[in-house]
Amino acid sequence: MGKIYRHDAVNFLGKLTLCRLWNAAQLFASYHLTRWSGQAIQWGLPMTVSIEPTTACNLRCPECPSGLRAFTRPTGNLKEDFFKNTIDTLHRHLIYLIFYFQGEPYINPRFLEMVKYARQRGIYTITSTNGHFLSDENARKTIESGLDRLIISVDGTTQEVYESYRKEGNLETVLQGARNIVRWKRALNSKTPHIIFQFLVVRPNEHQIPGIYRLAKEIGVDEVKLKTAQVYNYERGNPLIPTLGKYARYEKTAAGTWRVKNKLLNHCWKLWHACVITWDGLVVPCCFDKDATHQLGDLKRENFGEIWRGTAYAAFRRSLLKGRDQIDICTNCTEGCKVWAE
């Protein structure tokens, strides 16, 4: 595993340019100057962007707006021409690009062509998938696209446990998809993508944590990451909250209610170095704004620089510095929250 991690690290470092490093330094400096001064100072452009290939999903996961079909915003697929124009604007400063916000990326028929374009622009590319579309053909195309990191959600080692959260999902389909990726990666003698099994720890599956490591090793997956789960209705407890406290984002109070472990300090690195772009061009603060309620700009009407340095973004950053606990999307956020995961 250590050698595999080195391959991924070397690949990532190979994407760095003087322009990207200088931009990252500006972001880091302005963020820490903001924390010291209490004034919203912003230099540079984002070094990471999450862009949404689609809002559609084949599963019905109970804590996901895509799975619940609960969006109030429009739904649809990211258009390739719009994506290319956006990347042409951002690529000089952008270090890595996350092809994920809501929905299942592989549902967008042009997804891998967009990955390939970002790769040509020298950007480190990441996506997260539920693994149901990794057919033999798609696995080969994924390797050929140059995708740098592939996160596959595997939230159980048996079908019964897996489908308790991944409603309407089929574990064997996911595992076969992972095998397809591993086989084509070897067949094409490719060092990418770095393949991760992501295990969302919830009460029904926490006893299967050792098993996911065995399964990953058996298939040839590069890494396992344990992720803590966000739930929406946690104040009175929730059957998804793990009994093992180190895997939970929430803790029980003396009064018997539950609260987020995060102290919600009035600063947020995400607001200084990253943002999210929806499939239809809306710019929102971060991945916790799943329904795009805090729209900071629209790339169909403005260029990105105008949005990033505009009045709406500045006002949002100032409001965060004054009271993060007053912003709805921040109250269930883990930024700065010390919970255990690997």
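Reader: Which residues does Arg140 touch, not counting residues up to four places away in sequence?

Author: This is a predicted model, so let's take Arg140 from where it sits: it lies in helix α6, residues 136-145. Leaving out residues up to four places away in sequence, the residues Arg140 touches are Trp184 and Leu188.

Reader: Is Arg140 buried, exposed or partly exposed?

Author: Buried would need a relative accessible area under 20%, and exposed would need over 50%. Arg140 has 26% relative accessibility, so it counts as partly exposed.

Reader: What distance separates the C-alpha atoms of Arg140 and Lys116?

Author: Along the chain, Arg140 and Lys116 are 24 residues apart.

Reader: How many disulfides does the structure hold?

Author: A pair of cysteine sulfur atoms has to be within 2.5 Å to count. Take Cys57: the closest cysteine sulfur to its own is in Cys61, 6.1 Å away, which is too far for a bond. Cys275 is in no disulfide either, with the nearest cysteine sulfur, that of Cys286, 10 Å away. For the structure, the number of disulfides is zero.

Reader: Are Cys57 and Cys275 buried or exposed?

Author: The cut-off for buried is under 20% relative accessible area. Cys57 has 18% relative accessibility, and Cys275 has a relative accessible area of 2%. Because of those values, Cys57 and Cys275 both count as buried.

Reader: On to helix α2: what span would be expected for it at 1.5 Å a residue?

Author: Helix α2 covers residues 18-37, which makes 20 residues. From its first C-alpha to its last it reaches 28 Å, close to the expected span of 28 Å.

Reader: Where do the buried residues of α2 lie around its axis?

Author: The buried residues are Arg20, Asn23, Ala24, Leu27, Ser30, Tyr31 and Thr34. They cover an arc of only 130° around the axis, so they are on the same side of α2.

Reader: And which residues are exposed on the other side of α2?

Author: The buried side is covered by elements including α10 (270-273), α11 (304-308) and α12 (311-322). Over on the other side of α2, the exposed residues are Leu18, Trp22 and Trp36.

Reader: Which residue just after α2 takes a positive phi?

Author: The phi in question is about 80°. The residue just after α2 that takes it is Gly38.

Reader: How does α9 compare: which exposed residues are on the face turned away from its buried side?

Author: Helix α9 (residues 209-219) has the buried residues Ile209, Gly211, Ile212, Leu215, Ala216 and Ile219. These cover an arc of only 150° around the axis, so they sit on the same side of α9. What covers them includes α8 (171-187), β5 (194-201) and β6 (223-228). The face turned away carries the exposed Arg214, Lys217 and Glu218.

Reader: What is the volume of the largest cavity?

Author: Searching the whole structure turns up one cavity of 30 Å³ or more. The largest cavity has a volume of about 70 Å³.

Reader: Which elements give two or more residues to the lining of that cavity?

Author: The lining residues include Lys270, Leu271, Phe316 and Leu320, and among them are also Cys268, Cys286, Cys330 and Cys333. The elements that give two or more residues to the lining of the largest cavity are α10 and α12.

Notes: Residues are numbered from 1 along each chain as its sequence is written. This is a predicted model: local features need pLDDT of at least 70, side-chain atom pairs count only at pLDDT 80 or more; totals for chains, interfaces and linings use all residues. Side-chain values use heavy atoms; hydrogens and water are left out. Buried means under 20% relative accessible area, exposed over 50%, partly exposed in between (1.4 Å probe, protein chains only). Helices (H or I, at least four residues) and strands (E, at least two) are DSSP runs, numbered from the N terminus. The expected span of a helix is 1.5 Å times one less than its number of residues. The arc is that of the directions from the helix axis to the C-beta atoms. Contact means heavy atoms within 4.5 Å. On a 1 Å grid over the protein atoms alone, a cavity is a set of points where a 1.4 Å probe fits but cannot get out, and a pocket is an open set with protein on both sides within 12 Å along at least five of seven lines; lining residues have an atom within 4 Å of a point. Grid points are joined across faces, edges and corners, and a volume is the space filled by probe spheres set on the points.
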